[in-house]
Amino acid sequence: MINNEPAAILGCFLRGMIGERPKSEVLAISKSNFGLFQDLAGIERMDSNYIEPIVSDSKFDIVLGDFPIGLKKDKHTEKSDELSNFPKNWCFIYDSLCLLNDNGIGLFVIEPTCFNFENGKRFRKFLGMKGFFVSAFFNMPEKILEPETGLRPVLVCITRSVSDSLYVGEMEGCDQAASLGHAFIGNEDSGDLLCGTMVPAEIFRGGFSQLKAAKKIDVLSSQYGAYEKYALNEIAEVVNSAKTETDFEVIDNTIYIRIVGKPVLFTELDNITGSHRNYLQLVLKPFVNNEYLRLYFQSTLGQLILESISTSIGILRLSRSSLSKILVSVPSISIQREIIATHKKLGILKGAIDVFDSEISLNPTSSVVIQAQLDSILDVLNKLTDSDRVRSMARFGEDKHREFKESLSLCISKGTKEKYIETAALKTIVAFLNSEGGTLLVGVSDRGEVKGVDSEIEKFYGGDSDKFFKHFKNKLKERIGEQYYPFFDYRLVDLDARKVLEVSCRPASTPCYLDGIEFYVRTNPASDQLHGPKLVEYVRHRFPN
């Protein structure tokens, strides 16, 4: 059987969805050992293990299919030739779809690849010829198939309606999943995976991991806005592939990219391990330094880019055509050299710290000298810490532990001071205190762009940051309570010549209410208000003392 908590989340999603279609005739088919439909209390349905015959002329409004995933192709003679090239679990899906009425919805557990890659595309084409079309994908809760497997499966929705767009969402918590089910039936597009969103079908060709990587890339790429962008094939004089085990020759300003397995880049031929056939050799044009390009792809942005174009059916692979289209941010050659030099110095610093660590173990009497040297290093690092930390959070976007607000109370469009904007920030703080803690950044947009609170300070506080701070402290005292002061810290951080208000929250030891009345919790990446029995149950578990 599976992990009960993820199963409960799936049950909440299905109840939220089916609850929007009252009096639906529901068929739940369970043919795997996962037991994914064990928590469907409250849903009137017909259960089947698919072995028992279902009357052929029966039609259902909703068909749920819990089939084994990753099965081999179905070569059974009783199957038609057109189905014989597809995995058996996909054949089960097609058979189940034949039980849908004209406006019915089929929801089936499938592999994380979401019918991508060539065979999946052929199956979707086959379904289209039969009048069935994929309309949505939902990332199921993590660990839902443990201990049988660590794979995170996907719930695919198939109907008889054709569309150029797909509805996509991700299940992470019970209340959130129920809301996602409601939103799907209502076709509500929030622009967010946790609340449900529409995306063009071509954007989703890499599944959830690549879709999320693409969003992070969009945020991180803004940090390279001042640099020219080139496709990888535009900065390469020549791209060579190997025909033998050791085919490459040493050429100046060259980089080697491993295209089979996890992507790795080398600038020296001698560093390559294994067959040369698993690599591409790029001889770069003079305006790009090969070591800069290696560091670029070693960065968080570079790794996400490579991840976003990797395909996997067991082993990760990069195609030559996908690589050629990658956009690379290229500064001037002098800045490239500065980046390389900085990275080398960081390497030297790491080595020195390792020496310190070894020396203090072998010669404890040297600790006073080492401490003085470390203090001087930390003095420099501390000057960078706040701005670098906030910039890093802005780059990686909002999640359960991070929230961005463009202002504390300034309505950007009207230029007026609005209480509801201020209340939204305070709700977030309360939610962090009642949950696992987190950080609120005020002066950062939803997209991670640093806007700053400078214009707000200038407009409402005469440019006096102390007055802005005092106002914020008063609001914390009035609307949250000074008894919670030990659980949060706040500061103004200078970032890109702009001031950002950073509020760091730790989990509170007692329930926290906004204005003494409203109770909020963090449900990735939103702050939700709890009422009634749900509030009582949450407080009982979160604050047992």
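Two bridges join β11 to β12, and these strands run antiparallel; here two strands count as paired if DSSP finds at least two bridges between them. Helices (H or I, at least four residues) and strands (E, at least two) are DSSP runs, numbered from the N terminus. The model is a predicted one, in which local features need pLDDT of at least 70 and side-chain atom pairs count only at pLDDT 80 or more, while totals for chains, interfaces and linings use all residues. Residues are numbered from 1 along each chain as its sequence is written, and side-chain values use heavy atoms, with hydrogens and water left out.

On β13 (residues 279-284), β11 (residues 254-258) finds an antiparallel partner over five bridges. In that pairing T254 stands opposite V283, and Y256 has Q281 as its bridge partner.

These strands belong to an open sheet of four, in the order β10-β13-β11-β12, with antiparallel pairing. Because β10 (236-241) and β12 (265-266) stand at the edges with a single partner strand each, one side of each is left without a neighbour in the sheet. β11 is mostly covered, with four of its five residues buried (buried means under 20% relative accessible area, exposed over 50%, partly exposed in between, with a 1.4 Å probe and protein chains only).

Helix α7 (residues 290-298) lies across β11, β12 and β13 and runs at about 30 degrees to β11. Axes are lines fitted to C-alpha atoms, for helices over the stretch in contact, and angles run from 0 to 180 degrees between N-to-C directions. Helix α7 also packs with helix α10 (residues 333-362) at an angle of about 65 degrees, their axes 9 Å apart. The two helices are therefore roughly perpendicular to each other, a label given to angles of 65 to 115 degrees. E291, Y292, R294, L295 and Q298 of α7 make the contact with Q336, I339, I340 and H343 of α10, where contact means heavy atoms within 4.5 Å.

How values were computed. Parallel < 35°, antiparallel > 145°, perpendicular 65-115°, else oblique.
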